[in-house]
Amino acid sequence: MKKQIISLLLLAALLLSMLSGCTGGTAAPTGQRTVTDMLGRTVTIPDDPQQICALNPFCAPFVVSFGCGDKMKATVNAIKRDLLIQSICPSLKDAVVVKNGGVINAEALLELGVDLIFLEESTYADDDERAKLDALSIPYIVLRNDTIQQAMDSVLLMGEVLGAQERAQAYVQYYQDTLDLVSRTVSAIPEEDRPTLYHSVNEATRTDYAGSITAEWISYTGAKNVSLSAPLTMEGSSAYTTLEQIFVWDPQIIICNEPGVAEYILTDGKWVGLQAVTNGTVYQMPVGITRWGHPNSVETPLALLWLTELLYPEQFDIDLAAGTKQFYQTFFDFELDDDTIAAVLSGDGMRTPKTQSPGE
């Protein structure tokens with residue numbers, strides 16, 4: 001019975017998401033309208049944007065989900081590293097990277113004829129980059145996903161902008177239903193049975209901090225997130241600890257969202273002696289369209305299911321492979337074969353690797 005849970009969650013989402021989203025073709029916009037973005041700015045946008053730029057990595061997968069992937073002509077490098085989204089939307093292989101090192105290529109945006117930009121708050125907060133965008137007179141919408149609620153609100157706003165309200169609402173409902181399901185499960189788990197956990201974000205010693213969306217979604221699983229209990233070094237919006245501090249925490253479980261980091265922790269001699277290394281409880285998180293549970297992940301609901309089953313397999317027995325397949329079918333109209341599902345769940349080979357060591 002429990003293995004039917006994901007199917008039931010996604011059934012309602014599928015019914016809501018059908019027949020919504022952008023239409024294809026190159027018809028000229030019929031007019032303009034105004035929307036209010038996540039910063040409360042009133043923005044005049046085209047009724048039917050034809051040349052979309054996703055400078056916010058959280059937004060790009062939803063542009064595809066909402067049927068507008070062929071209109072996304074520009075994006076950021078992070079999207080170009082994710083292989084599954086390019087299989088779902090092959091035109092993304094030709095999308096131009098117009099932002100590197102935090103610097104926007106304004107000339108490229110003009111050459112592409114971009115008529116709508118999805119922007120992240122950190123770029124808007126940069127006075128030089130904001131002035132550059134304002135000078136272009138291209139409408140841009142600032143979206144936020146620092147919390148689960150902000151992520152949901154941003155998805156709903158994108159659905160409004162791209163004419164995919166039903167599909168956006170279906171995703172948000174699935175997200176909320178998943179939160180509720182996990183909360184009900186965890187409420188029955190005694191405190192002493194909830195393990196300590198360290199979450200490696202991108203790099204071995206980069207981790208969660210209080211108030212981050214990663215800390216928030218993990219909290220629903222009941223795991224005792226060790227990085228919230230000691231001072232961290234902040235570099236922008238990234239939090240770092242030290243290997244020495246990780247030894248002080250000595251977590252029972254380590255989860256890693258960047259491919260290669262779990263293997264690095266398990267095989268590098270500096271980490272020997274941690275109970276998670278000794279016990280082999282260091283896990284690579286799944287990687288699909290995005291790294292599951294990453295701050296910019298579209299698959300955080302799936303990450304919640306994955307981690308809850310990992311922590312409490314006897315109380316939370318689900319068919320994650322089937323649920324994964326249904327998720328991409330429901331929200332991306334894309335059917336994964338068994339080999340691809342296995343690759344997603346293993347996190348292996350789904351992203352173009354960086355050149356640096358996984359520990360860095």
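**View 1. I254 sits in strand β15, which covers residues 253-256.** Strands here are DSSP runs of E with at least two residues, helices are runs of H or I with at least four, and both are numbered from the N terminus. This is a predicted model, in which local features need pLDDT of at least 70 and side-chain atom pairs count only at pLDDT 80 or more, while totals for chains, interfaces and linings use all residues. Residues are numbered from 1 along each chain as its sequence is written, and side-chain values use heavy atoms, with hydrogens and water left out. I254 has a relative accessible area of 0%, so it is buried (under 20%; exposed is over 50% and partly exposed lies in between, with a 1.4 Å probe and protein chains only). Setting aside residues up to four places away in sequence, I254 touches Y198, I265, L274, A276, T281, V282 and Y283; contact means heavy atoms within 4.5 Å.

**View 2. T281 lies in the loop between α13 (275-279) and β16 (282-284).** With a relative accessible area of 16%, T281 is buried. Beyond its neighbours within four places in sequence, T281 meets Q252, I253, I254, Q275 and A276.

**View 3. Helices α15 (residues 320-332) and α16 (residues 338-346) cross at roughly 105°, and their axes come within 10 Å.** Axes are lines fitted to C-alpha atoms, for helices over the stretch in contact, and angles run from 0 to 180 degrees between N-to-C directions. Look for L320, A321, T324, K325 and Y328 of α15 meeting I341, V344 and L345 of α16.

**View 4. Y328 is one of the residues that touch the most other members of the largest nonpolar core, which has 95 residues.** A nonpolar core is a set of buried Ala, Val, Leu, Ile, Met, Phe, Trp, Tyr and Cys residues joined through side-chain atoms within 4.5 Å. Helix α9 (residues 165-187) gives the most to this core, with 10 residues. A second, separate core of 18 residues includes V226, I254, A262 and I265.

**View 5. Over residues 23-29 the pLDDT is below 50.** pLDDT is the predictor's confidence in each residue, from 0 to 100. For the protein chain the mean is 91, and 90% of its residues reach 70 or more. Where pLDDT is low, the predicted coordinates should not be read in detail.
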